[in-house]
Amino acid sequence: MTWKNFTREEFGCQCGCDTNEITDELIDYAQEIRTEAGFALPVTSGYRCPNHKIERDKKKPGTHAKGLAVDFGVSRGHARIVTRIALSKSRGGVGINQKGLARFIHVDIGQGRAGRIWTY
């Protein structure tokens with residue numbers, strides 16, 4: 001499968017394992033958001049394997065470890081636009097980190113998470 005603005009490789013685990021179990025459904029969703037936003041959405045985190053430093057300390061796998069989440073490296077006005085689009089689609093959760101240098105918006109398609117919003 002191909003997408004206009006994304007490649008599957010962008011969503012692979014970044015721990016060095018070369019694992020990538022991201023779902024097509026998540027990339028489809030990312031593409032929907034990208035198309036509506038009209039600007040680039042850098043993928044800062046996609047799939048995370050069980051040995052990824054963020055996942056290995058969790059009691060149960062998160063949406064990234066299930067291939068159902070992506071973090072986009074956006075800030076300021078672009079962060080507001082991505083948040084608004086994701087919430088309007090009511091497909092999953094939206095997490096917001098807009099402090100420090102690693103600003104991002106998390107979007108996922110986890111079951112039962114539609115409309116959830118939180119900050120980091």
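**Terms and their grounds**

Analyst: Strand β3 (residues 94–97) and β5 pair in the parallel sense over 3 bridges, where two strands pair if DSSP finds at least two bridges between them. This is a predicted model, in which local features need pLDDT of at least 70 and side-chain atom pairs count only at pLDDT 80 or more, while totals for chains, interfaces and linings use all residues. Residues are numbered from 1 along each chain as its sequence is written, and side-chain values use heavy atoms, with hydrogens and water left out.

User: Which residue stands opposite Trp118 in β5?

Analyst: Gly95 stands opposite Trp118.

User: What makes β1 and β5 edge strands?

Analyst: The open sheet has 5 strands in the order β1-β2-β4-β3-β5, with mixed pairing. β1 (43–45) and β5 (117–119) are its edge strands, because each pairs on one side only. From one strand to the next, the twist averages 25°.

User: Why are α1 and α2 called oblique to each other?

Analyst: Helix α1 (residues 24–37) and helix α2 (residues 76–89) pack at an angle of about 125°, their axes being 10 Å apart. Angles under 35 degrees count as roughly parallel, over 145 as roughly antiparallel, 65 to 115 as roughly perpendicular and the rest as oblique, and α1 and α2 are therefore oblique. Their crossing is right-handed. Contact, meaning heavy atoms within 4.5 Å, involves residues including Tyr29 and Ile33 of α1 and Ile81 and Ile85 of α2.

User: How do you know that Arg8 forms a salt bridge with Asp24?

Analyst: A salt bridge is a side-chain nitrogen of Lys or Arg within 4 Å of a carboxyl oxygen of Asp or Glu. The closest N and O atoms of Arg8 and Asp24 are 2.0 Å apart, so the pair forms a salt bridge. Arg8 lies in the segment before α1 and Asp24 in helix α1, 16 residues apart. By this rule the count comes to 9 salt bridges.

Note on methods. Axes fitted to C-alpha atoms, helices over the stretch in contact; angles between N-to-C directions. Helix = DSSP H or I, 4+ residues; strand = E, 2+ residues; numbered from the N terminus. Left-handed = near helix turned anticlockwise from the far one by under 90°.
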